[in-house]
Amino acid sequence: MYRVGLTGGIGSGKTTVTNMFEKLGARIIDADIIVRELSGSGKPAYQAILQLFGTEVVDENQELRRPLIRQMIFSNAELKTRLEAILHPLVRTEIDQRIMKNSHPYSIISIPLLFEGNSAYNIDRILVIDAPEKLQIARAASRDGVDCEDVQNIIATQISRKQRLERADDVIINDADIASLQSQVRLLHDKYLQLADQQRCLT
Ligand code: ATP
């Protein structure tokens, strides 16, 4: 099964692009959704996270207080590494299992923080969604109803556009309208169908 890892900064257009790929027939696997599922109350990562952070990170419904955890790891690199060590192996295994059950020609695996963590994912190709920082800020702030500064602070915790682009096999530039985005997605969809076909012939 051909695997494309998709990443990009906040507000770059990852969700918009994955929705377009899905409509064209790709299988979408979202690492953020998997993390949320695996760390729900009683799920495989839940107890280990509680042991690491203590019971104060649990709310009255026994669910994790995710904003509090985000805040705690923001200023504590060791805690962040230990959290990743709990989550990443489980996420990787879950992705692999979902891909094995998959009958689509190829999969898009959305991993927003692909380059920020230390984890290696089993992917064939990296697609980066890139947008000028001004547009990232405007789009994310208006979507979430937050201040520009809030988005700027998150961008500051992510790797730079330049570093992201250096590691890309393919790039979608989301600096124009939705129609422009759609045509870039269509071209890449055709390319991924071809690559998936080639891979099938070689195995
Ligand atoms: P996050 O990292 O915060 O999850 P994201 O990378 O998934 O964000 P999207 O949610 O797809 O980004 O896009 C951010 C916002 O910008 C959304 O409201 C989306 O509808 C809008 N948007 C994305 N691309 C365009 C575009 N080309 N033209 C106009 N609006 C766009």
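Biologist: In which strand is the place of valine 171?

Modeller: This is a predicted model, where local features need pLDDT of at least 70, side-chain atom pairs count only at pLDDT 80 or more, and totals for chains, interfaces and linings use all residues. Numbering starts from 1 along each chain as its sequence is written, and side-chain values use heavy atoms, with hydrogens and water left out. Elements are DSSP runs numbered from the N terminus: helices are H or I with at least four residues, strands are E with at least two. The run that holds valine 171 covers residues 170–173, and this is strand β5.

Biologist: Which residues is valine 171 in contact with, and what does it count as in accessibility?

Modeller: Contact means heavy atoms within 4.5 Å. Leaving aside neighbours within four places in sequence, valine 171 is in contact with Leu127, Val128, Asp130, Leu165 and Gln184. The accessibility classes, with a 1.4 Å probe and protein chains only, are buried under 20% relative accessible area, exposed over 50% and partly exposed in between. Valine 171 has 35% relative accessibility, so it is partly exposed.

Biologist: How far is the C-alpha atom of valine 171 from that of valine 35?

Modeller: Along the chain, valine 171 and valine 35 are 136 residues apart.

Biologist: Is glycine 8 buried or exposed?

Modeller: Glycine 8 is found in strand β1, residues 2–8. Beyond residues up to four places away in sequence, glycine 8 touches Lys14, Pro112, Ile129 and Arg164. Its relative accessibility is 2%, so glycine 8 counts as buried.

Biologist: What is the C-alpha to C-alpha distance between glycine 8 and leucine 113?

Modeller: The two residues are 105 residues apart in sequence. From C-alpha to C-alpha, glycine 8 and leucine 113 are apart by 7.8 Å.

Biologist: What is the relative accessible area of glutamine 158?

Modeller: Glutamine 158 lies in the loop between α7 and α8 (161–166). Residues up to four places away aside, glutamine 158 touches Gly9, Ile10, Leu113, Glu116 and Arg164. Glutamine 158 is buried because its relative accessible area is 16%.

Biologist: Which phi value does glutamine 62 have?

Modeller: Glutamine 62 has its place in the loop between α3 and α4 (66–74). With a relative accessible area of 45%, glutamine 62 is partly exposed. Most residues other than glycine have a negative phi. Glutamine 62 has a positive value, near 65°.

Biologist: How are α3 and α5 oriented to each other?

Modeller: Axes are lines fitted to C-alpha atoms, for helices over the stretch in contact, and angles run from 0 to 180 degrees between N-to-C directions. Helix α3 (residues 46–53) packs on helix α5 (residues 77–100) at an angle of about 165°, with the axes 10 Å apart. Angles under 35 degrees count as roughly parallel, over 145 as roughly antiparallel, 65 to 115 as roughly perpendicular and the rest as oblique. The pair α3 and α5 is therefore roughly antiparallel.

Biologist: How many residues of the contact of α3 with α5 are charged?

Modeller: The contact is made by Ala48, Ile49, Leu52 and Phe53 of α3 with Leu79, Arg82, Leu83, Ile86 and Leu87 of α5. Ala, Val, Leu, Ile, Met, Phe, Trp, Tyr, Cys and Pro count as nonpolar, Asp, Glu, Lys and Arg as charged, and the others, Gly among them, as polar. The residues of this contact divide into eight nonpolar, no polar and, as charged, one.

Biologist: How are α2 and α5 oriented to each other?

Modeller: Helix α2 (residues 31–38) packs on α5 at an angle of about 115°, and their axes are 10 Å apart. The two helices are therefore roughly perpendicular.

Biologist: How many polar residues are in the contact of α6 with α7?

Modeller: Helix α6 (residues 133–144) and helix α7 (residues 148–157) pack at an angle of about 125°, with axes 9 Å apart. That makes α6 oblique to α7. Glu133, Gln136, Ile137, Ala140 and Ala141 of α6 meet Cys148, Val151, Gln152 and Ile155 of α7. Six of the contact residues are nonpolar, one is charged, and the polar ones number two.

Biologist: What percentage of the residues of the protein count as buried?

Modeller: The protein has nine helices and five strands. Its C-alpha trace spans about 50 × 40 × 30 Å along the principal axes. Of the 203 residues, the buried part is 43%.
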